[in-house]
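Here are my notes on the model you sent. Please read them with the structure open beside you.

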2 protein chains.
Amino acid sequence: VPGRAALSDSLAAIVGAEHVRTDVDRLYLEEAIGNEQGSADAIVFPATADEVATVVAHCYENGVAIVPRGGGTGLAGGAVPHGGVLVSLERLTRIRAFDPLLWRIHVEAGVPTHEIRRIVRESGLYFPPDPGAAEQSQIGGNLATNAGGPHALKYGVTGRWVTGLEAVIAPGTLVTLGGATRKDVAGYDLSSLLIGSEGTLGIITAAWLRLIPAPEVSFPIAAFYRDAEAGCAAIEGVFGNGIEAAALEYFDQGTFAITRASFPGSAPDDAFVIVAEADGAVDEAARIRGELIDVLGESAIALQEPEADALWRWREGIAHAVAGRLGAKLAEDVAVPVDALARAIELTVEIGARHGLQAVSWGHGGDGNLHSNFLFDPATDGRARAAEAAAELLTEIVGLGGTISGEHGIGSLKLPYLGLQLAPPVMGAMRAIKDALDPKGLLNPGKVI
Amino acid sequence: VPGRAALSDSLAAIVGAEHVRTDVDRLYLEEAIGNEQGSADAIVFPATADEVATVVAHCYENGVAIVPRGGGTGLAGGAVPHGGVLVSLERLTRIRAFDPLLWRIHVEAGVPTHEIRRIVRESGLYFPPDPGAAEQSQIGGNLATNAGGPHALKYGVTGRWVTGLEAVIAPGTLVTLGGATRKDVAGYDLSSLLIGSEGTLGIITAAWLRLIPAPEVSFPIAAFYRDAEAGCAAIEGVFGNGIEAAALEYFDQGTFAITRASFPGSAPDDAFVIVAEADGAVDEAARIRGELIDVLGESAIALQEPEADALWRWREGIAHAVAGRLGAKLAEDVAVPVDALARAIELTVEIGARHGLQAVSWGHGGDGNLHSNFLFDPATDGRARAAEAAAELLTEIVGLGGTISGEHGIGSLKLPYLGLQLAPPVMGAMRAIKDALDPKGLLNPGKVI
């Protein structure tokens, strides 16, 4: 392994001295959520995919770990380095091609996801993935984690919109997998393998994305229930009545109590809240809105502008508000079959209580995806109790047929729990693939596997 | 490697003597299309996933090749054995769970895809994948090839509807990947890796599938053009005007000339034909139909029952009619970016002509997916000329940024051409994965890789 000065010189020869730093700004050593701080020997800011490949080749040859870095909005520690070289994709911001008349865009990994959504919307098109923090997160990172979001219910997660990837794989080779063609079954689906692998099998440098015509309108609806059981029955009612909602979010009573002050419009106290959305052409969206209001029951109200915009802003602010309640929180991101959602919501609260902690959850109800949060005062022993509670929750969730991560990924923080969910032969197959594609174990070590 | 009698005895001990045969019916040694005949030491008909696992374990330990067998409707030789044991999934026909109120079904690999579509439709639901030969093909085979079909344009290919798989991997281990939960990013996406791998990385024994509410209606439209250029301009017009068609099929002039007699309704001679479909709730589908008719031009006609049903029957019969024209055909299944579709259609005809062969194509125009067919009289040297023409076409298609297989897979027949499309490092990554997951190379050897 080369010394830090030699490493820096070599990287400078690839990307230019002004794009390498050995004194790494702490903002690059942690995630925006602030739950872990790492260290790195250097950070490098390549300008092109070829430069990424050359950087990886140099590091790989010299036994230096490589940690790709997007917008830093991850929640599982996936982009936090523990030594080695951080490879920031933030200068890979080219829109390589945009063909609005053919519903496709070819973008580099560092383009903010929000920017893609904005650009295509100007041409009447829609890129549906809308993970939290879309303004800061980059499409490369969203693909590396296969990020979800509220509209994944109707439109699917980020990976579903990919027709091709460009990536750097070990030992530093730039490859193209697919492209602008919409269907392709020639060989193994290496794109899907890279998507969600959090940089442990390669670094995504660009993607070809599918688009669809933008819905003309979207109509939000809020409804209020006495508890999780009643609210989840309403969610099941949406499915049971064959209604295709664009989003179907829930907020448990604890979450709503914390955030109620900024909720737009009137609402009962102590409610379990559902926010649904109908979208499409005007008449179609109105028809779906009507069906949703019927099924969600007498408390359901259609929100009008400006309340509709305010509703999604309220939604975006929840994680921050919950963290502020006692000063800190430990967040999980579990998912269960929809018919186990009520039980999972109740379990979150019960397990928190057993450990002397307030616990709340909210999330993508229609997808059975809970953001379960254990709240604590960082001046107490709360973090240790929260960790115990979280481990207990993950075990119970797996028992319900669920997953320890619905959309945030495994990173380093969830890694100790992966064995709760995946049987040894599945872990073995993952390990065999990792060893096959990264024989030196230098691609984002300590993450996912 | 055990002798045939010893092998048969061992397999009989697992599945019962009545479910093993060493005298293998030739129907299991070829594909329904009839383009290749293989051989097998035995065929085994396990009744359960556990039996599949035990069979694979026995074969794997004893160095015997294992070839999974679904409905036999593949087109690329993927299910044709070249020695070893054929593992038919046809007795794995249980619907393990069907939750119509939650839009999901859990089925074993041997359930015919058509049967799944029928069962869910009775509850008002829709399983969109509709590959050709859906009555005979089984869901396991459709997943193993990631089959497409006309409605993949709006709804995506088979793999997009999977939330979980059960599969047997080497050396004979039954594993579960995902389940009924709709979102899951815990670990690598092994499901997507198995989907489309044609049994070379494992044998799919069951799947959890997502469903959606069935569209209330679907309205087909036919339109007629002077040539591929005009027809493909109309297809691009559908995209360019932001219209979400459920299907957008094309039939070139040569295809239409061969099949015109069974086309329902009046049509001009010598036409390049487009069939579009609008679906959804009645008003919404009618709106889309109106937009499609506007954009497809003055020749566009909305088909009414019984013509609408007859239209899709005509569509299903095309491959057979084209094969019957001269007695034989060599079929390719290429796909290109949509803006290269007209050129690819013209290339098919031009390359055929250079080799003295009539060549026609039809397919999923909106997905840029061509079924290019070179026709010949089997009593002549036509097959050799067709093979030369096909190789030339594949090279040109790759040059257009396309793929040598849009939906049929690589099997053994397309394997010699995979290197035209995939760069050596991509082939290397595939090989590394194959060696990692099938170190003895016994899972469907000679296919895909």
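1. Ground rules. This is a predicted model, in which local features need pLDDT of at least 70 and side-chain atom pairs count only at pLDDT 80 or more, while totals for chains, interfaces and linings use all residues. Residues are numbered from 1 along each chain as its sequence is written, chains are lettered from A and ligands numbered from 1 in the order in which they are written, and side-chain values use heavy atoms, with hydrogens and water left out.

2. Cysteines. The disulfide count over all chains is zero. A disulfide here is a pair of cysteine sulfur atoms within 2.5 Å. B:Cys59 is buried, at 0% relative accessibility. B:Cys232 is buried too, at 4%. Buried means under 20% relative accessible area, exposed means over 50%, and partly exposed lies in between (1.4 Å probe, protein chains only). Accessible areas come from the Shrake-Rupley method with a 1.4 Å probe, and for residues only the protein chains shown count as cover.

3. A bridge between chains. The structure holds 48 salt bridges over all chains. A salt bridge puts a side-chain nitrogen of Lys or Arg within 4 Å of a carboxyl oxygen of Asp or Glu. One of them joins A:Asp339 and B:Arg104, at 2.9 Å from N to O. This pair crosses between chains: A:Asp339 sits in the loop between β16 (328-335) and α11 (341-354) of chain A, and B:Arg104 sits in strand β6 (residues 104-108) of chain B. Helices (H or I, at least four residues) and strands (E, at least two) are DSSP runs, numbered from the N terminus. A:Asp339 is partly exposed at 41%. B:Arg104 is buried at 14%.

4. A bridge within one helix. B:Glu115 and B:Arg118 form a salt bridge, with their closest N and O atoms 2.9 Å apart. Both residues lie in helix α3 (residues 113-122) of chain B. They are three residues apart, about one turn of the helix. B:Glu115 is partly exposed, with a relative accessible area of 29%. B:Arg118 is partly exposed as well, at 37%.

5. A bridge from strand to helix. What does B:Glu249 meet in a salt bridge? Its partner is B:Arg315, at 2.8 Å from N to O. B:Glu249 lies in strand β13 (residues 247-251) of chain B and B:Arg315 in helix α10 (residues 307-326) of chain B, so the bridge ties together parts that are 66 residues apart in sequence. B:Glu249 is buried at 0% relative accessibility. B:Arg315 is buried at 12%. In chain A, salt bridges that share partners link A:Arg94, A:Arg96, A:Glu108 and A:Glu166 into one network.

6. Surface charge. A:Glu216, A:Asp283, B:Glu216 and B:Asp283 gather in a patch of negative charge on the surface. Patches are made of residues with over 30% relative accessible area and no salt bridge, and like charges are joined within 9 Å. Asp and Glu count as negative. The place of each charge is taken as CG of Asp or CD of Glu. A:Glu216 belongs to the loop between β11 (212-213) and β12 (217-225) of chain A. A:Glu216 is exposed, with a relative accessible area of 52%.

7. Backbone. Most residues other than glycine have a negative phi, and most peptide bonds are trans. Please check these sites. A cis peptide bond joins A:Glu305 and A:Pro306, with omega about 0 degrees. A:Pro306 is in the loop between β15 (301-302) and α10 (307-326) of chain A. In chain B, a cis bond joins B:Glu305 and B:Pro306, with omega also about 0 degrees. A:Glu198 is not a glycine, yet has a positive phi of about 55 degrees. A:Glu198 lies in the loop between α6 (190-194) and β10 (203-210) of chain A, and is buried at 7%. A:Asp270 has a positive phi of about 60 degrees, again without being a glycine. A:Asp270 lies in the loop between α8 (253-259) and β14 (272-280) of chain A, and is exposed at 55%.

8. B:Phe374 lies in strand β18 (residues 369-376) of chain B. B:Phe374 is buried, with a relative accessible area of 0%. B:Phe374 and B:Gln304 are 70 residues apart in sequence and 33 Å apart in space, C-alpha to C-alpha.

Methods: Patch = residues over 30% accessible without salt bridge, like charges linked within 9 Å, V, L, I, M, F, W, Y side chains within 5 Å.
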